[in-house]
Amino acid sequence: MFSTDDHRFMARALELAERGLYTTTPNPRVGCVIVQGGAVVGEGWHERAGAAHAEVNALGAAGAKSRGATAYVSLEPCAHQGRTGPCTQALIEAGVARVVAALGDPNPQVSGQGLDELKRAGIEAAAGLMENEARELNIGFVSRMTRGRPWVRLKVAASLDGRTALNNGKSQWITGEAARRDGHHWRARACAVLTGGGTVREDDPRLTVRDVPTTRQPLRVIVDSKLETPPAAKILEGGGTLIAAAREDKAKIAALKARGAEVIVMPNRAGKVELNDLFRELARREINEVHVEAGFRLNGSLVREGQVDEVLVYLAPALIGDKAPGMFELPELTELSGRRALKIHDLRMIGPDIRVLARFV
């Protein structure tokens with residue numbers, strides 16, 4: 001169905017889409033290539049929400065050469081009016097003869113409508129070329145559209161024996177500079193960075209993106225059941241921090257709001273934050289990807305409650321010892337059948353450290 005050239009041009013469209021990795025949220029990352037007579041005559045990608053979509057940019061670059069051409073798009077063209085006009089109409093008006101999409105629209109309410117509209121206009125249209133690659137690039141957007149919750153990635157830096165800090169709490173720095181810089185790339189692509197109140201009190205992190213050039217900062221989210229976040233905490237600097245609590249305390253809430261924070265109260269029966277409700281609220285706020293950097297207790301709670309989709313682990317070639325805290329606070333098992341299985345998705349060296357990206361089976 002798809003030729004070698006089709007694969008080559010779609011690979012380029014995906015490469016263009018990746019240029020919006022840090023900027024398009026809450027929209028998907030999309031690239032488009034216009035090909036006429038076997039040659040690329042126009043390229044474009046979606047740069048940021050509210051700006052022109054990839055198809056419009058590529059058609060603009062191709063001009064009159066779009067007529068009779070093939071458009072390779074990493075996501076099914078939209079057929080509805082949003083902040084910008086429908087891309088299907090732009091493709092129809094430009095006179096393209098064929099549209100190849102990598103991934104169908106993941107929104108179940110509109111999936112397939114873009115391709116159907118193109119076909120009704122006499123344009124040959126199909127999807128599914130390099131679909132897996134396109135889905136990976138927009139894994140958070142797909143998650144929000146199909147599951148009503150963001151894609152949750154939990155990052156941990158640990159020694160080879162799985163320890164995340166010394167017994168006295170010191171943790172800077174277990175991994176090397178290259179791993180820390182790599183971690184900022186994952187922060188930058190996320191829509192929100194989530195941590196716990198304990199981490200805020202003990203480490204006083206900013207949790208901003210610093211080692212990667214970016215035009216935006218992810219939303220910072222604190223899970224703080226008892227509202228113990230100090231109003232002077234660095235994470236509150238600049239405002240825009242969201243704090244999820246499990247109790248009402250007017251004085252504490254007022255103090256945090258004075259620092260520009262927003263506080264939402266969503267308790268569960270145990271008097272902790274209801275994590276499932278929190279992630280659904282984040283999806284309602286158009287958060288696609290959540291990057292977690294927390295302590296072993298919150299890490300354990302997130303895993304126990306099935307809220308984590310994948311773990312991003314940096315392992316330093318060093319041993320710290322059994323008394324130091326581990327990566328996850330999980331209940332003791334008496335049978336190996338109770339273990340939580342993971343599948344390695346990516347494994348590589350980052351400087352002297354090992355980076356493991358694994359997903360729950």
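Let's start with where two helices meet. Thr88, Gln89, Leu91 and Ile92 in α3 touch Gly114, Glu117 and Leu118 in α4. Contact here means heavy atoms within 4.5 Å. Sort the residues of that contact and you get 3 nonpolar, 3 polar and 1 charged. For the sorting, Ala, Val, Leu, Ile, Met, Phe, Trp, Tyr, Cys and Pro count as nonpolar, Asp, Glu, Lys and Arg as charged, and the others, Gly among them, as polar.

Before I go on, the ground rules. This is a predicted model, where local features need pLDDT of at least 70 and side-chain atom pairs count only at pLDDT 80 or more, while totals for chains, interfaces and linings use all residues. Residues are numbered from 1 along each chain as its sequence is written, and side-chain values use heavy atoms, with hydrogens and water left out.

Helices (H or I, at least four residues) and strands (E, at least two) are DSSP runs, numbered from the N terminus.

Back to the helix pair. Helix α3 covers residues 87–94 and helix α4 covers residues 113–120. Their axes come within 10 Å and cross at roughly 25°. Axes are lines fitted to C-alpha atoms, for helices over the stretch in contact, and angles run from 0 to 180 degrees between N-to-C directions. So α3 and α4 are roughly parallel to each other. The cut-offs: under 35 degrees is roughly parallel, over 145 roughly antiparallel, 65 to 115 roughly perpendicular, and the rest oblique. The crossing is right-handed.

Next, the five-stranded sheet. It is open, with mixed pairing, and its order is β2-β1-β3-β4-β5. Two strands pair if DSSP finds at least two bridges between them. The edges are β2 (39–45) and β5 (124–127), and each pairs on one side only. From one strand to the next, the twist averages 15°. Helix α2 (residues 54–62) packs on this sheet, touching β1 (31–36), β2 and β3. The direction of α2 makes about 140° with that of β2.

How buried is β3? 6 of its 6 residues are buried, so this strand is mostly covered. Buried means under 20% relative accessible area, exposed means over 50%, and partly exposed is in between, with a 1.4 Å probe and protein chains only. Now its partners. β1 and β3 run antiparallel, joined by 4 bridges. Ile34 has Ala71 as its bridge partner in β3. On the β4 side, β3 (residues 70–75) and β4 (residues 98–103) pair in the parallel sense over 5 bridges. There Ala71 has Val99 as its bridge partner, and Thr70 stands opposite Arg98.

Which strand is largely enclosed by the rest of the structure? Take β9 (residues 241–245): 5 of its 5 residues are buried, so the rest of the structure largely encloses it. Thr241, Ile243 and Ala245 point one way from β9, and Leu242 and Ala244 point the other way. In a regular strand the side chains alternate between the two faces of the sheet. β9 pairs with β8 (residues 219–223) in the parallel sense over 4 bridges. Val221 has Leu242 as its bridge partner there. β9 and β10 also run parallel, joined by 4 bridges.

Leu315 stands opposite Ile354 in β14.

Last stop, Ser171. Where does Ser171 sit? Its place is in the loop between β6 (151–159) and α7 (177–189). At 24% relative accessibility, Ser171 counts as partly exposed. Leaving aside neighbours within four places in sequence, Ser171 is in contact with Thr164, Ala165 and Asp203. Leu115 lies 56 residues from Ser171 along the chain, and their C-alpha atoms are separated by 52 Å.

Methods: Left-handed = near helix turned anticlockwise from the far one by under 90°.
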